[in-house]
Amino acid sequence: MGLNKDFLMGFLSGTVVGAVGYRLYEQNGGQLQRLVQPQGAFNQTTSSYQPSVEELVSQKERLEDMIAELQVK
């Protein structure tokens with residue numbers, strides 16, 4: 001019985017730690033990507049790609065919709 005109790009406690013604690021870690025990763029994903037991604041690679045990709053006005057307007061509308069949804073919650 002002791003082995004089963006220890007196993008269950010380890011399994012439950014591992015599950016809780018995993019869930020908390022996943023939630024923190026999801027909340028801070030952008031910050032983690034900036035830490036991992038080299039600065040030179042980021043600057044090269046942004047300088048070579050110029051989005052069209054239509055793409056920017058589409059992104060703006062999506063962001064406004066997402067903000068409105070969050071404000072309703």
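Tutor: Start in helix α4 (residues 53-72), where lysine 60 and glutamate 64 both lie, four residues apart, or about one turn of the helix. Keep in mind that this is a predicted model.

Student: What makes lysine 60 and glutamate 64 a salt bridge?

Tutor: The closest N and O atoms of lysine 60 and glutamate 64 are 3.9 Å apart. The cut-off is a Lys or Arg side-chain nitrogen within 4 Å of a carboxyl oxygen of Asp or Glu, so the pair qualifies. Side chains of opposite charge can pair when their charged atoms come close. A search of the whole structure finds one salt bridge.

Student: Why is glutamate 64 called partly exposed?

Tutor: Its relative accessibility is 42%. Buried is under 20% and exposed is over 50%, so glutamate 64 falls in between and counts as partly exposed.

Student: Which residues form the aromatic pair, and why is it called stacked?

Tutor: The structure holds one aromatic pair. Phenylalanine 7 and phenylalanine 11 form it, with 6.3 Å centre to centre and 20° between the planes.

Student: Where do phenylalanine 7 and phenylalanine 11 lie?

Tutor: Both are in helix α1 (residues 2-27), four residues apart, about one turn of the helix.

Student: How do you know whether phenylalanine 7 is buried or exposed?

Tutor: Phenylalanine 7 has a relative accessible area of 56%. The cut-off for exposed is over 50%, so phenylalanine 7 is exposed. Phenylalanine 11, at 52% relative accessibility, counts as exposed by that cut-off too.

Student: Which residues make the nonpolar surface patch?

Tutor: Phe7, Leu8, Phe11 and Leu12 make a patch of about 460 Å².

Student: How much of the chain counts as buried?

Tutor: Of the 73 residues of the chain, 1% count as buried. The accessible surface of the chain comes to about 7000 Å², and 63% of that belongs to carbon and sulfur atoms.

Student: What is the pattern along the sequence?

Tutor: The pattern is α-α-α-α. The chain has four helices and zero strands.

Student: Where in the chain is confidence lowest, and where is it highest?

Tutor: Confidence is lowest in helix α3 (residues 39-48), at a mean of 56, and highest in α4, at 91. The mean pLDDT of the chain is 82, and 84% of its residues reach 70 or more.

Technical notes: Residues are numbered from 1 along each chain as its sequence is written. This is a predicted model: local features need pLDDT of at least 70, side-chain atom pairs count only at pLDDT 80 or more; totals for chains, interfaces and linings use all residues. Side-chain values use heavy atoms; hydrogens and water are left out. Rings of Phe, Tyr and Trp (its six-membered ring) pair if their centres lie within 6.5 Å; planes under 30 degrees apart count as stacked, over 60 as edge-to-face and the rest as tilted. Helices (H or I, at least four residues) and strands (E, at least two) are DSSP runs, numbered from the N terminus. Buried means under 20% relative accessible area, exposed over 50%, partly exposed in between (1.4 Å probe, protein chains only). Accessible areas come from the Shrake-Rupley method with a 1.4 Å probe; for residues, only the protein chains shown count as cover. Patches are made of residues with over 30% relative accessible area and no salt bridge: like charges are joined within 9 Å, nonpolar side chains (Val, Leu, Ile, Met, Phe, Trp, Tyr) within 5 Å. pLDDT is the predictor's confidence in each residue, from 0 to 100.
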